[in-house]
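Work through the exercises below with the sequence and the 3D structure open. Each task is followed by its solution.

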Amino acid sequence: MQFTRIVDLSRTVGPDTQAFPGDREPHVERSATVAVEGFNSSAVHMSSHSGTHVDAPYHFLDGGQRLEDLPLERFTGPAVVVDATGRPDRSPVTAADLEPWRDRLAPGAAVLVRTGWDGHYGTPRYFDHPYLDASAARMLAESGVRCVGVDSPSPDSTPHGPHAPGDWAAHNVLLGVGAVIVENLRGLERVDFADPLFMALPIRLSGGDGAPVRAVAARLG
């Protein structure tokens, strides 16, 4: 058994990475070169929530599991791509919208919500994305889903500014049951084959509230 196709769903981390309002933009600089030190190396300065990344429960819950506490199975599973495209700015995705996929919402599944908002990445409109409301988050949690991904900066509505209050219902519901949330996915329309396997393994960051991932969907042949 081998992979016959692998689709990269990740953003590049670098000078063009779009940071969440109020978060730090990543900075990568050359720290060594072949010409001087005999090898190339880089210094990387970034938030734990840069680019395509995963949120651990500790991100919102002081008593929640941190990255190194979570089993690797939490970051992978059969992918269920929910089509939530064609929606207005800042509109909710509800439990009723998830109903067509209800029989596939099960423990071990990785539910990936495709809004198409990855097409606005790098623009201010990217932060006006559709979002999961509390009813949708509860349906996922109560179905046993413990890995949820979105092609936007957050499963919740992004506040209008770095100091604006936010309604974090989706984060609190999902992280509250020990789920992980993968944000800033791209290209979910390319997951167009049967039985895709999703993987988004984070670096093993000590005390991690989150970390960048290389998210992929793969087909086994």
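**Exercise 1.** State how the lining residues of the largest pocket divide into nonpolar, polar and charged.

Solution. Step 1: sort by type, where Ala, Val, Leu, Ile, Met, Phe, Trp, Tyr, Cys and Pro count as nonpolar, Asp, Glu, Lys and Arg as charged, and the others, Gly among them, as polar. Step 2: the lining has eight nonpolar, 10 polar and four charged residues. Step 3: the volume of the largest pocket is about 250 Å³. Of its 22 lining residues, F20, H49, H53, P153 and E183 are closest to the centre.

The model is predicted: local features need pLDDT of at least 70, side-chain atom pairs count only at pLDDT 80 or more, and totals for chains, interfaces and linings use all residues. Residues are numbered from 1 along each chain as its sequence is written, and side-chain values use heavy atoms, with hydrogens and water left out.

**Exercise 2.** Which residues line the largest cavity?

Solution. Step 1: apply the terms on a 1 Å grid over the protein atoms alone: in a cavity a 1.4 Å probe fits but cannot get out, a pocket is an open set of points with protein on both sides within 12 Å along at least five of seven lines, and lining residues have an atom within 4 Å of a point. Grid points are joined across faces, edges and corners, and a volume is the space filled by probe spheres set on the points. Step 2: one cavity of 30 Å³ or more is present, and the largest cavity holds about 40 Å³. Step 3: its lining consists of V93, V113, T115, P130, Y131, L132, V150, S152, S154 and P155. Seven of these are nonpolar, three polar and none charged.
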